[in-house]
Protein chains: 4
Amino acid sequence: MRSFEMKNRTSAEDIKCLRLITAIKTPYLPDGRFDLEAYDDLVNVQIVNGAEGIIVGGTTGEGQLMSWDEHIMLIGHTVNCFGGKIKVIGNTGSNSTREAIHASEQGFAVGMHAALHINPYYGKTSLNGLVSHFDSVLSMGPTIIYNVPSRTGQDIPPSVIQTLTQSANLAGVKECVGNERIKHYTGNGIVVWSGNDDQCHDARWGFGATGVISVTSNLIPGIMRELMFGGKNPTLNAKIMPLVDWLFQEPNPIGLNTALAQLGVVRPVFRLPYVPLPLGKRMEFVKLVKEIGREHFVGEKDVEVLDDDDFILIGRY
Amino acid sequence: MRSFEMKNRTSAEDIKCLRLITAIKTPYLPDGRFDLEAYDDLVNVQIVNGAEGIIVGGTTGEGQLMSWDEHIMLIGHTVNCFGGKIKVIGNTGSNSTREAIHASEQGFAVGMHAALHINPYYGKTSLNGLVSHFDSVLSMGPTIIYNVPSRTGQDIPPSVIQTLTQSANLAGVKECVGNERIKHYTGNGIVVWSGNDDQCHDARWGFGATGVISVTSNLIPGIMRELMFGGKNPTLNAKIMPLVDWLFQEPNPIGLNTALAQLGVVRPVFRLPYVPLPLGKRMEFVKLVKEIGREHFVGEKDVEVLDDDDFILIGRY
Amino acid sequence: MRSFEMKNRTSAEDIKCLRLITAIKTPYLPDGRFDLEAYDDLVNVQIVNGAEGIIVGGTTGEGQLMSWDEHIMLIGHTVNCFGGKIKVIGNTGSNSTREAIHASEQGFAVGMHAALHINPYYGKTSLNGLVSHFDSVLSMGPTIIYNVPSRTGQDIPPSVIQTLTQSANLAGVKECVGNERIKHYTGNGIVVWSGNDDQCHDARWGFGATGVISVTSNLIPGIMRELMFGGKNPTLNAKIMPLVDWLFQEPNPIGLNTALAQLGVVRPVFRLPYVPLPLGKRMEFVKLVKEIGREHFVGEKDVEVLDDDDFILIGRY
Amino acid sequence: MRSFEMKNRTSAEDIKCLRLITAIKTPYLPDGRFDLEAYDDLVNVQIVNGAEGIIVGGTTGEGQLMSWDEHIMLIGHTVNCFGGKIKVIGNTGSNSTREAIHASEQGFAVGMHAALHINPYYGKTSLNGLVSHFDSVLSMGPTIIYNVPSRTGQDIPPSVIQTLTQSANLAGVKECVGNERIKHYTGNGIVVWSGNDDQCHDARWGFGATGVISVTSNLIPGIMRELMFGGKNPTLNAKIMPLVDWLFQEPNPIGLNTALAQLGVVRPVFRLPYVPLPLGKRMEFVKLVKEIGREHFVGEKDVEVLDDDDFILIGRY
């Protein structure tokens, strides 16, 4: 596709240099539809605090709970409103190659700057199948490959990534296996973002990672920016570890969803199968916010515990 | 929805002043998917020749043959590539109120400047039902109501339009019933675009119409611009009448699709139930082009007759 | 497709002999989803009273307000529950050839006995396009072609029907243009069902029609059975004319939906753009029921006027 | 939902007694659509050889590569053609609760006898979330819960299953964790099917499992029937182990798809991301068939190696 404006002309090189990418939360209205006003606020606060890219509809953004038309609409909306200020990376991956192809075509057509692609989770496939799957989408535009065996049930081995480097569209890898794997890649000239907030400081400063694709930056974008740009800072990193541990005690984005509701920046609405953390954990979060400092967190309201009854859980939307 | 960039802040007033709006053709690849590269060229030639708005996925653009996700993607794509240079009006109407609501929400979310809404064709409804239907979508943004009884089987009477004027979002009416109806509206301060290319010159200069939503401008945008901006010009208007008659001898966009393929600006691919005009009619078109002047038509190749075998008709896509 | 049970082996001949086919109403739950329990009751009362076929998701059943997956599900459900007792004719027509192909394949796969196909309403096409459209689906199984220009904006002329008779799957035509047209077909050996309840008695006994595809039979199936099977009966026919006139004063199924709610057999839930008849008209219906006799109508509750507040109108479902 | 025919009145008890359930393969036409004729043959051969239930659109049947309308259509088709002869269990599970609710409603509406439900793979959730997810669908009809952590990345612990036993609709568990886990359940009166073909003989005769939900039975239904019904038979079990090992050397259904194509009962068409086993492995399969005996395998053609070029891999369908 050719277009007559410039903003879509993103190359893999434009993606490779991003240090702080936030896997942005998708907030909901009480009937389960997107709360685009709250969403726009969330994105804006990322821009203001120095995030350089966002993942739209990642696992954090609950792309797995969207219909594809919602998902592409959200990508298009984000490009339209913020595409000049932040790189918009659409999670157009799927365990179905057909869906990945269709969504990636549509995502690039509405202007996303890059695609995030997961290996086929749940259904899985052979190594040859992995390569065929990724080859089906790599020609479309800049692409980040996402490896998270704890979700997919299958590791993407370095041999597969090595094969994919033949495409100029491969921007790099979001890697969750650990910093040794990251070191292997960066030692071979492959760009990597840490997918683990607890390891990202070390990944960045000790193992060659370009940066992080972060969940925690939804809450404390300024601190995450500092950790990625400000040089080695084990003190600051240690300071946020209790928060990171709290966030990931249950499968993400359960902790994040709970926290953002407590901070008053999203309505306390959950699409099932996600449910909020229980009362005790919510009390812990209030304490964590006070320890780190409310001013480092997004939003301007007082952090609240919230009652169980404040939460709306939705199965039909 | 609130956004942090300005380009979506379109008001009904911004729409009311448009004189030349083109109901843009959607071109296809041989497998029936959108040919976005050809599409971008078509839109660009409209911009270059002075069209001020386009209808995306109208009946001319074959919205009725799109899935909604294709349709919204095309709106988002158009906004993303051309939204700064031309007003993008999405045909997010439907005979199903649910679909009209859903598509309009998504269309405005991806940045369309206005919506075009048809009354419920085929299924039809009562006058009270018409008002309920339009009320369901008018709050979302600037809206043009489209009246074409020859397609819908039901006229939208002036009483319904009058009721809808209570909404500040009503930009105006695309009216196909004729110039007397147009005069009635414009006499009452309601903005109208003629939906009939054969009547639009008179509508504009004699009956108070603001302009035209045109099919013919896909072919000769410069002449249509002149007819809408250049003052009364019955000679020029008469000159194009044979072309207009040729275009509408079969239900639109059959003539337009055939013509654009002959002009070499789109591939000769038809989504069924549309089929090309027969050979004899195609020979007539070549003659018409020569009479009006090739230079007034879009594209730069020689106009061709094309063989029957050149056309690809697609039912599964 | 081959299957190992017999029930799907329906031929066009099995369809041609049906005299009373009801275009069955689709009832809704308060949230707009199908009320399958009420639906099953409606179908059962048709079987008990001698209807031989039903149209699922016709314009009366509001197929135009269904998503295709709902529509196919309802066909499959009906086949599964009632396929041994009544012929299930799925309205898998569309103005998009792609949709008509996809829906017809799926409808036959889940066991429908025949398809109802409309010409491309709203978008319309040429006569060659009409033939191409119908040819795309006729090979799949027994098919009834539906002609209703007042909805589609385009008459299917006899020449097109004549061309389609080359397919052994053409069961016949549902014709709404009038009894002279019906006579033309039946004189040429083409099976026809009247699509106009006010003309069906004469069509059956005076113009050669095989029977009727009826809306009114949703209300008084026994009387409609008598009119189709019991021989010429102008007295009975005249007796129901005030009811038929009442039913079609607004676009169908507005009257039917209102009436069935008043009879207590469906919840008073309307999917927009349909809205109930106003109070005065509902009072008339109560009177009509008393004149014809409550015992001839479906349901066992007293007929009620209902308050405006009793009705639920739904745009999002 | 109430219906007037009996065949849908399936209780969890009717499911609990099934010993041999086949996770049936979905075969494709060269354009990637379902090959329903081949499918019907596959189901029929299961019935003839004594399978008592089939899983439609499981991971083996590649439900993860279907659109939901395809998936529900296939369930409806299977019920319609074979519902009187074999229990039809639809895999209407999803990692999205909304999708699981919608698909299960539709699946039961078209007559499936039971639903198979997976925990939310990839997105995952907390234990409370798991219970909420399953509670959203358990009320609809007989349900089998499916635990396969190697695919989902998350074990369903016995505590969750114990909670679900409060529903009379819980038919049992398809368990892939191993025979000790199975023993724990069967010791507590919970029905279990082994989800591992290599362990199912022992599960059935040594650990209390009711039976198996099998992949291998697609190939050798008679032998699997014997293993589940004929009493302890370690010799027979040992005889098929090389085949089972071959089948699962790559993520299922890669081996099965390859084998069925080699046996000539399905076309060699793969939906990506699945690709066939390489030539050397296909040669091994021919040898395995000869060792076990061609007559024990489905189909009647000679087993073939097939060339790489014989296979069609499809990403767009």
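Predicted model: local features only at pLDDT ≥ 70, side-chain atom pairs only at ≥ 80, totals over all residues.
Figure 1. Two copies of a chain are related by a rotation about an axis and a shift along it. Here the rotation that superposes chain D on chain A is 180°. The shift along the axis is 0.0 Å, and the RMSD is 0.0 Å. That is the relation of a two-fold axis.

**Figure 2. The surface shared by chain D and chain A.** How many residues of chain D are in contact with chain A? The number is 44, and they touch 44 residues of chain A. The copies meet through the same surface, because 100% of the interface residues of chain D are also interface residues in chain A. The size of an interface is often given as the accessible area lost when the parts come together. Between chain D and chain A, about 3600 Å² is buried. Carbon and sulfur atoms give 54% of that area. Which residues of chain D lose the most area to chain A? They are Arg98(D), Tyr122(D) and Pro273(D). Together, these three account for 24% of what the side of chain D buries.

Figure 3. Four salt bridges are counted between chain D and chain A. Glu105(A) forms a salt bridge with Arg316(D). The closest N and O atoms of this pair are 2.7 Å apart. Polar contacts between chain D and chain A are counted too, and they involve 20 residue pairs. Which helices of chain D each supply at least two residues to the side that touches chain A? Helix H4 (97-109), helix H5 (127-138) and helix H6 (149-152) do. By residue type, the side of chain D that touches chain A divides into 15 nonpolar, 20 polar and nine charged residues.

**Figure 4. Ser217(D), a loop residue.** Ser217(D) sits in the loop between strand S8 (211-214) and helix H10 (221-229) of chain D. Is Ser217(D) buried or exposed? Its relative accessibility is 0%, so Ser217(D) counts as buried. Look for its contacts beyond four places in sequence: Leu20(D), Ile21(D), Thr22(D), Gln46(D) and Met224(D).

**Figure 5. Glu226(D) in helix H10 of chain D.** Glu226(D) is placed in helix H10 of chain D. With a relative accessible area of 37%, Glu226(D) is partly exposed. That label applies because 37% falls between the cut-offs of 20% and 50%. Once neighbours within four places in sequence are set aside, Glu226(D) is in contact with Gly231(D) and Leu236(D). Glu226(D) and Met140(D) are 86 residues apart along the chain. Their C-alpha atoms are separated by 33 Å.

**Figure 6. Thr22(B) in strand S1 of chain B.** Thr22(B) belongs to strand S1 (residues 20-23) of chain B. Thr22(B) is buried, with a relative accessible area of 0%. Which residues does Thr22(B) touch, not counting those up to four places away in sequence? They are Gln46(B), Ala51(B), Gly53(B), Ile54(B), Ile55(B), Ser214(B), Ser217(B) and Asn218(B).

Figure 7. Most residues other than glycine have a negative phi, and most peptide bonds are trans. In chain B, a cis peptide bond joins Asn252(B) and Pro253(B), with omega about 10°. Pro253(B) is in the loop between helix H11 (234-247) and helix H12 (254-262) of chain B. Now turn to chain C. A cis peptide bond joins Asn252(C) and Pro253(C), and omega is about 10°. Pro253(C) lies in the loop between helix H11 (234-247) and helix H12 (254-262) of chain C.

Figure 8. Glu62(C) is not a glycine, yet its phi is positive, near 65°. Where is Glu62(C)? Its place is the loop between strand S2 (53-56) and helix H3 (68-82) of chain C. Glu62(C) counts as buried, at 1% relative accessibility. Leu306(C) is not a glycine either, and its phi is positive, about 65°. Leu306(C) is in the loop between helix H13 (279-292) and strand S10 (312-314) of chain C. Its relative accessible area is 13%, so Leu306(C) is buried.

Notes
Residues numbered from 1 in each chain as written. Chains lettered and ligands numbered in written order. Heavy atoms only, no water. Contact = heavy atoms within 4.5 Å. Buried area = accessible area lost by both parts, 1.4 Å probe. Salt bridge = Lys/Arg side-chain N within 4 Å of Asp/Glu carboxyl O. Polar contact = N/O pair within 3.5 Å; in protein donor to acceptor, adjacent residues only side chain to side chain. Helix = DSSP H or I, 4+ residues; strand = E, 2+ residues; numbered from the N terminus. Nonpolar A, V, L, I, M, F, W, Y, C, P; charged D, E, K, R; others polar. Buried < 20%, exposed > 50% of the residue type's maximum accessible area, 1.4 Å probe, protein only. Least-squares fit on C-alpha atoms with pLDDT ≥ 70 in both.
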